[in-house]
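Hi,

Here is the structure I promised to pass on.

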Amino acid sequence: MAGRMRLPQGGFVAHDELLTFTFNGKTYKGLAGDTLASALLANGIHMVGRSFKYHRPRGIVSAGGEEPNALMQVGDDPRSEPNLKATQVELVDGLKAKSQNAWPSLEFDVGALNGLASRFLPAGFYYKTFMWPASAWMTYEHFIRRAAGLGVSPRQRDPDRYDKTFAHCDVLVVGGGPAGLAAALSAGRAGARVILAEQDHLLGGALLNTQGEVIDGQPARDWIAAAEAELAALPEVRVLKRTICYAAFDHNFFGLVESVTDHLPRPPENLPRKRLWKLRTKQVVYCAGAIERPLVFADNDRPGVMTASAVQSYVNRYALRPGRRAVVFTNNDSGYGAALDMKAAGIEVAAVVDARQVPAGPLTERATALGLRILGGFAIVAVEGARRVKRVRVAELSLDGKTVTGVPEAIDCDLVASSGGWNPTVHLFCQAKGKLRWDDEHACFLPDAAMQTGQQSAGAANGRFGLGSCLREGTEAGAAAAAACGFAPSDTAASQAEDRDFLPGRWIWLVPGEHPLGHKAKHFVDQQNDVTAADLKLALREGYRSIEHVKRYTTTGMATDQGKMGNVNAIGIVADEVGGHLPEVGVTTFRPPYTPVTFGVFAGRDVDNLLDPVRRTPMHAWHERNGALFEDVGQWRRAWYYPQHGEDMHAAVNREVKAVRDSLGILDATTLGKIDIQGPDAAEFLNRVYTNAWLKLGIGRCRYGLMLKEDGMVMDDGVTTRLGEKHYLMTTTTGNAAAVLGHLEDYLQTEWPDLQVYLTSVTEQFATMTLSGPSARRLLADVSDADLSPEALPHMAYTAAKVAGVPARIFRISFTGELSYEINVPASFGMAVWQTLTTAGERYGITPYGTEAMHVLRAEKGYIIVGQETDGSVTPHDLGMDWAVSKTKDFVGRRSLSREDMARPDRKQLVGLLTKDPKEVLPEGAQLVEKVLPQPPMPMLGHVTSSYHSPNCGRSIAMALVKGGLARKGETLFAPLGDGRTIACVVADTCVFFDPEGERLK
Amino acid sequence: MIETYLRQSALDHLGLAGHSTAAPTEAGVQLSEKPLPVAVNLRGDSGDAAFVEAVREALGLALPTLPNTATTGEGLALLWLGPDEWLAMQHDAAAFAEAQLATKLRKALDGLHAAVTEMGESLCCLSLAGAQARAVLAKGCPLDLHPRAFGGSGHCAQSLLAKAAVTLLQVSDAPAFELYVRRSFADYLWRWLEDAAREYGVAVVRP
């Protein structure tokens, strides 16, 4: 038998399927179908952790996601996971679990000294004590974190895979209890696309925890099986088990997490561990049931004190005895269910302590008929036993329920089952901003008006606590949801069952003890955060009134369980104390997630080499084969440089730069943005978006253009070519291609819809290779049928021709200052043409060069790079590019350029910089000052934007944006560096360091 | 004249032909690259009868005006991409068929305000078929591809798949889809698809 407290048969566990697991290093047996919590209880283990603040021994309180105490560290690094609720962890063979809030061990816990010092640890203690001096918080926090002990994050990377998926349906049903099953059935039968999400691995909800329920004349168990089979047969219905709906967002968008493999001892390699469902539905029916409230009495946190429904669950579903002799403490009829089921399972029920003066209700009657000892109008006033309940003392309540009278009677027991009423699970409804109303009769908050369309609640989640009502309301809600999606409701009537409620009740929020509150005993409201009723009252005495403030001051309702058991009790205690009514106090804000969600599902498969797309050019494989190192430019991966024979970067780049000037280089320029512009108004359009004049550009000619944003700042630059009468090709910088297209479409569609122009991105239609260097013309002539004479194809001209037999566009444009041809061929031919050029170019010493050499070459010529020399605050004038700005026409950004501020002489302007020591290379980004002070701060004039060693100039060169730079030519500036060095440099006459006359372009 | 066998598709570097199968497969998903598609982007005014007629004459296909639908015939598909934008698609065509198709359209549209732009070189076409094809797409595409919502074969859409923009065309109710992605993203998207389809079993098949 799996555990000494296990019943020989019954429940939803497989009695013949033994599993082995360890808890705090000791080995135990459990059964398939157990949770970690039920397996521990079957082995007689109640005490599973220590409390957060006082390190009091704590036991398993619940049988579900509301559990505040039984938090476990499960598994070994790297699969170790903290803060799992033992009540939700499905037992698998070989599972390893540890208590996480005990040091050095659960049995002997150093932190328990906090319990002795508890008078000095009231609510708000951390705020009051550790906030001063502010600088010491980091030190305090280090120790507080260790003592608080909310588990340990794994140190190694997560070896598991996670999945994410979008999903859509007509009707989402949250919860697979009786109401949820009924809703899914009626919506599914009508033909709607239904997703039913159930956090458990079994359907049935609360029906799994009870015995003897009958639906349509058959045992509930059989009805559940039939419902499950019918749902499985409906083609448009999907049942997701082990799937928690953790969040309700706007417009019926929901977040769900499916646990795919955690319950498998050896998960198949191809399955993700968990899956995130991003679900959009037209209608939702919340059927999440209700959570039982515990009663708040003295030392109600002793291991062995559980909710009555949890006791029922352990007895009926998991077939075990959570104790040998029990006391039930209730204020309503439902507590008697636990008493009856325990008696049936052979647990001695010492007494039912009922706060109601006149116990009544259907279950009460059955218990009375069975002769159980019922103490009407009584309360538990003390609980003895540190690591396990040994004894309770009970006493009669006063008429107002605020005090007790008479001499308490001691009753020996090892189990206390408490029931303080039921709270509908309204969390998702409230996350979706639904409003609540207070139900005085049932003493609970119920869903009122939904804030979003298509949202219903049904069953216990809607305050229908009887099984018959659950089924009826679920059926109706499912049919209504389907009808709202246009599906004629089926004529199936609702299933029938007995309609038993838990009324009447006597709603006492705080059960008086033997001593004044806060003395000698603690009344816990929130066990996970160790918040007591006395703490709440202290907060009120200190002036906090808003329940949100009380929550934050006392931390009640925080942490991983978010106060699912304690919140309404806390509100009740606050209401009593301020003499108000619960709905006036109100609830705290419900926010996602309903239960904690592991980070892995948000990452999904967006990790490692799928983290972000790597965009490859058609020649990428050639660059790889030829040893290129790559750099990321946006999502593109561009060849950076091609080291040979052990060259370092400096040597490789120097060689590439010199080769271009000496003879011939080839660059993969595919990534440059290309926008095809067609239409009769194309020239006018260009004239408006560029700063210079475009109306007179001849066919076959190219022009450089600057594009500004509305604020007059440089946005992009590039060469645009007139391919035909009404046809242009614009090039943009690599990183800006999408933004420029968006900018242009924006103007075309919203400002100038009258212009007849069509834009199409053709960046990837072509493989682009640049031949650059004095030998460029000779190589191209070898492989092309184009007339390349300077007369036929001068600088800034274009021709269509064949290159290596492939139809190509040849642009004679240059970003190096050398004779250059930019060749566009159809992308699929890119590799072939590139290989032809590199092979045919061998006789000219053709050298592939990467982006780094390209940067050096253009800097030698003083050509800017948008995004490097500019940062969104730089005008054409700042760049010394007035020559590219028309004085006679309008263009985007023009009016901003006429602002006074744009003419300020001390704007940061682009200048060339030459270091005094030609060997020293300024770091890019270095700040420039006029005078070096002993230490910062010192007035900063600007920064270095580009800086390289230039092999062609035989020295370092740099560009910088400097305040009033154009007037500082010849001045010496200093770059004080972080490493203590200071580099002196002179503002050059020009940014053009090489071939200032442009002879080589001719 | 350069030999057309020197053309490389966007996934040439993966050598898919070497590990693809022609045999029927039990895998939940069949994946392939349909190399070197022909595609011509078309812009114009569908309210202009002359434009609509000219396109019909040139392609032998009606211009689809219902959003996200395609008309097909004679190895050609014409996809609605926007109120004034379409994409003409063709497979298994000769090397310079794209230029020919574009020229045909340009001639037919001469004198109208329209734009014809060759696009096939910029695209990679992936084929995704099998019982779990929709489930794989759902992992990265926010659209509802259920037949009731998407419409089944002959419907198309521009959307995101993972972090790549795609044009998606359902070519069979089986279901089977063609995904058109810019060729620089093809390597990423292929690896993403293989990974996303792994739990269902994925077979690389001959196109």
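**Around Thr69(B)**

Leaving aside residues up to four places away in sequence, Thr69(B) touches Pro64(B), Trp80(B), Gly154(B), His155(B) and Cys156(B); contact here means C-beta atoms, placed from the backbone, within 7 Å. A word on the basis: this is a predicted model, where local features need pLDDT of at least 70 and side-chain atom pairs count only at pLDDT 80 or more, while totals for chains, interfaces and linings use all residues. Residues are numbered from 1 along each chain as its sequence is written, and chains are lettered from A and ligands numbered from 1 in the order in which they are written.

Thr69(B) sits in the loop between helix 1 (49-59) and strand 3 (70-73) of chain B. Helices (H or I, at least four residues) and strands (E, at least two) are DSSP runs, numbered from the N terminus.

**Where the chains meet**

On the chain A side, 40 residues are in contact with 38 residues of chain B. Strand 8 (162-174) of chain A is one of the elements that supply at least two residues to that side, and strand 8 gives the most, with six residues.

**Inside chain A**

16 residues of domain 1 of chain A are in contact with 15 residues of domain 4 of chain A.

Cheers

Key: Two residues are in contact if their C-beta atoms, placed from the backbone, lie within 7 Å.
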